[in-house]
Amino acid sequence: MQVFWLPDQSEPDEHSYCWVYRIRIGNDTVRPVQLLERTWHITDTSGRTEYVHGEGVVGEQPIIQPGTLYEYTSGASLSTPGGFMRGSYLLQTTTDKTRFDAVIPAFSLDSPFQNHQLQ
């Protein structure tokens with residue numbers, strides 16, 4: 001997981017703060033898995049939480065082969081200078097269609113305009 005503040009796309013005077021994040025998903029099982037859905041909880045420094053739920057990631061429902069990684073890049077924007085995200089993916093084995101969730105631990109969205117960084 002990598003998170004980058006985007007100063008060129010942010011407008012602090014207009015309460016618009018933007019980040020890009022890169023996530024790698026590894027398949028350490030012996031079966032191919034498909035990423036079906038994602039759910040995000042995005043909380044700003046005012047405590048407001050936005051829930052995002054939908055199919056796949058970045059328009060794809062990738063199949064991840066055993067022992068390989070899938071990487072994607074996406075973005076988030078907030079009206080406050082910081083916040084955090086946490087979430088989960090719904091995955092399914094391609095062989096027997098067993099479904100399971102993979103939890104995405106919380107990560108912070110930090111900018112130079114906030115008073116402190118979230119942990």
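Mentor: Happy to! Let's start with a definition: a residue is called buried under 20% relative accessible area, exposed over 50%, and partly exposed in between, using a 1.4 Å probe and protein chains only. The model is predicted, so local features need pLDDT of at least 70 and side-chain atom pairs count only at pLDDT 80 or more, while totals for chains, interfaces and linings use all residues. Residues are numbered from 1 along each chain as its sequence is written, and side-chain values use heavy atoms, with hydrogens and water left out.

With that in place, let's look at Glu71, which is partly exposed at 39% relative accessible area. Glu71 forms a salt bridge with Arg24, with 2.6 Å between the closest N and O atoms; the term asks for a side-chain nitrogen of Lys or Arg within 4 Å of a carboxyl oxygen of Asp or Glu. Glu71 lies in strand β6 and Arg24 in strand β2, so this pair ties together parts that are 47 residues apart in sequence. Strands here are DSSP runs of E, at least two residues long, numbered from the N terminus. Arg24 itself is exposed, with a relative accessible area of 56%.

Glu71 also meets the side chain of Arg22 in a salt bridge, at 3.6 Å from N to O. Because Arg22 sits in β2 and Glu71 in β6 (residues 69–78), the bridge joins parts that are 49 residues apart in sequence. Arg22 is partly exposed, at 28% relative accessibility. Put together, Arg22, Arg24 and Glu71 are linked in a network of salt bridges.

How many salt bridges does the structure hold? There are four, and one of them joins Arg48 to Asp44, with the closest N and O atoms 2.9 Å apart.

Tyr21 is part of one aromatic cluster with Trp40, Tyr70, Tyr72, Tyr89 and Phe107. For such pairs, ring centres of Phe, Tyr and Trp (its six-membered ring) lie within 6.5 Å, and planes under 30 degrees apart count as stacked, over 60 as edge-to-face and the rest as tilted. By this rule the count is ten aromatic pairs. Tyr21 and Phe107 make a tilted one, with 5.8 Å from centre to centre and 55° between the planes. Tyr21 is buried at 4%, and Phe107 is buried at 9%.

Notes
Helix = DSSP H or I, 4+ residues; strand = E, 2+ residues; numbered from the N terminus.
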